[in-house]
Amino acid sequence: MRNTDPHRLDHWVHRTLLVGLTVSGVLLAVGLTTMLAQGHEHAPQYESFPTLLRDAARLRGSAVTTLGLLALMMTPILRVVVLLAGWAVERDWRFAGVALAVFVLLCVSLTLGAH
Amino acid sequence: MEVTPVNALLLLAAGGVTGVLGAILGTGGGVFLIPLLVMVLGVPMHEAVATSIVSVIATSSAVASTNVERGIANMRLGMTLEIATALGAIAGGLTAAVLAPRSLEVLFALVLVPTALLMWRGRTEKSADSAADDATKPATSSSSNSPSPLGGSYFDPAVGRVSYNVERLPAGLAVAFVAGNLSGLLGIGGGVFKVPALHLLCGVPVKAAAATSNFMIGVTAVASAFLYYGNGMVMPGVTAAAVLGVLAGSALGSVLNRSIGGRAVSRLFAVLLLLVAAQMLARALQGK
């Protein structure tokens with residue numbers, strides 16, 4: 001293992017989670033406020049990402065809210081990727097392998113969920 | 001459920017309570033949020049479970065962010081256990097159709113009662129249950145047993161540095177597998193199983209057990225969350241209001257957690273387990 005700041009990876013994971021939460025929190029707050037203002041009580045189910053982005057760009061409340069929820073759901077996955085990269089950089093191969101296994105299992109799970 | 005300003009405020013409050021308790025006890029908060037949504041706000045069960053599983057991600061990410069920075073969450077242990085949790089979640093997803101959730105709820109309610117009693121008593125050997133018991137020894141006293149790769153240490157403002165090793169990892173992996181399995185079925189993060197397992201079986205001090213459990217829960221919940229989203233069960237407005245409440249509550253809970261001792265956390269958790277057991281039994285007996 002490289003002799004690096006032992007807390008560097010802690011800071012990176014902390015920042016990753018914080019960025020994910022900030023982005024999703026802002027989108028959710030804006031989206032919910034807009035939904036209430038626009039009176040969109042029943043939001044549509046977006047099945048296409050481009051449509052979702054287009055509606056979000058038009059500040060449609062339900063689309064901005066959905067984007068916020070997706071950002072929130074991606075945050076833990078991003079955290080696994082950061083740990084995988086961090087342990088690989090530190091040449092801590094044992095735990096890089098553990099993180100890779102978790103990432104692969106998450107991908108399997110998401111693929112099964114999509115079907 | 002319609003998202004009116006009044007409903008949004010109620011959902012924010014429900015999320016806030018969930019976030020505070022989740023941050024202190026190391027759970028995602030699903031066990032609090034689902035009954036609040038169903039019984040108080042009248043949200044249908046499937047949508048409540050979907051809202052809960054997304055809120056669990058918010059609690060986990062918010063609390064883990066603080067605990068990782070403070071060094072309380074054990075990331076190496078958490079990631080190792082996440083392999084078993086993810087496998088359990090996949091197995092749960094594949095077998096959900098052939099299992100009777102009601103029978104599972106009765107079974108786990110019966111398991112939770114003795115676990116609650118053990119949590120109330122706390123660990124006697126090594127006294128890891130309270131930071132006071134665990135860490136009144138100076139840090140150097142634990143250094144005689146050099147920590148294993150999965151062991152850890154953190155600073156508790158009340159008592160100083162706490163160091164620990166991880167015991168009975170296979171048992172911890174088995175419980176993590178079951179927790180992952182239940183997460184998708186019941187819409188909870190599985191912290192009610194992970195925290196006692198980490199503390200009572202693996203010898204992790206209760207504060208580190210709660211922080212590590214919370215660190216893991218986000219990943220446990222993600223797979224199920226996408227599944228619920230794909231099935232159209234996540235209601236954006238309802239979930240957004242609950243998540244915003246959870247984020248605020250988690251921030252408050254993380255601050256409160258600094259002034260709460262390990263024994264108090266252990267006993268609060270025991271009460272939570274009994275409430276969850278009662279809730280599971282009631283739901284199973286009523287056939288809901």
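# Exercises on a predicted two-chain model

Helix H11 of chain B covers residues 236-257; its 22 residues reach 30 Å from the first C-alpha to the last, close to the 32 Å expected at 1.5 Å a residue. The expected span is 1.5 Å times one less than the number of residues. Helices (H or I, at least four residues) and strands (E, at least two) are DSSP runs, numbered from the N terminus.

This is a predicted model, in which local features need pLDDT of at least 70 and side-chain atom pairs count only at pLDDT 80 or more, whereas totals for chains, interfaces and linings use all residues. Residues are numbered from 1 along each chain as its sequence is written, and chains are lettered from A and ligands numbered from 1 in the order in which they are written.

**Exercise 1.** Determine why H11(B) is described as largely enclosed by the rest of the structure.

*Solution.* Step 1: apply the burial criterion (buried: 20 or more other C-beta atoms within 10 Å of the residue's own; exposed: 12 or fewer; partly exposed: in between; C-beta atoms placed from the backbone). Step 2: 17 of the 22 residues of H11(B) are buried, so this helix is largely enclosed by the rest of the structure. Step 3: for chain B as a whole, 62% of the 288 residues are buried.

**Exercise 2.** Characterise the side of chain A that touches chain B.

*Solution.* Step 1: with contact defined by C-beta atoms, placed from the backbone, within 7 Å, 42 residues of chain A and 45 residues of chain B take part. Step 2: H1 (8-38), H3 (61-89) and H4 (93-114) of chain A each supply at least two residues of this side, and H1(A) gives the largest share, 14 residues. Step 3: the side divides into 28 nonpolar, twelve polar and two charged residues, where Ala, Val, Leu, Ile, Met, Phe, Trp, Tyr, Cys and Pro count as nonpolar, Asp, Glu, Lys and Arg as charged, and the others, Gly among them, as polar.

**Exercise 3.** Identify the contacts of Val102(A), not counting residues up to four places away in sequence.

Notes:
Contact = placed C-beta atoms within 7 Å.
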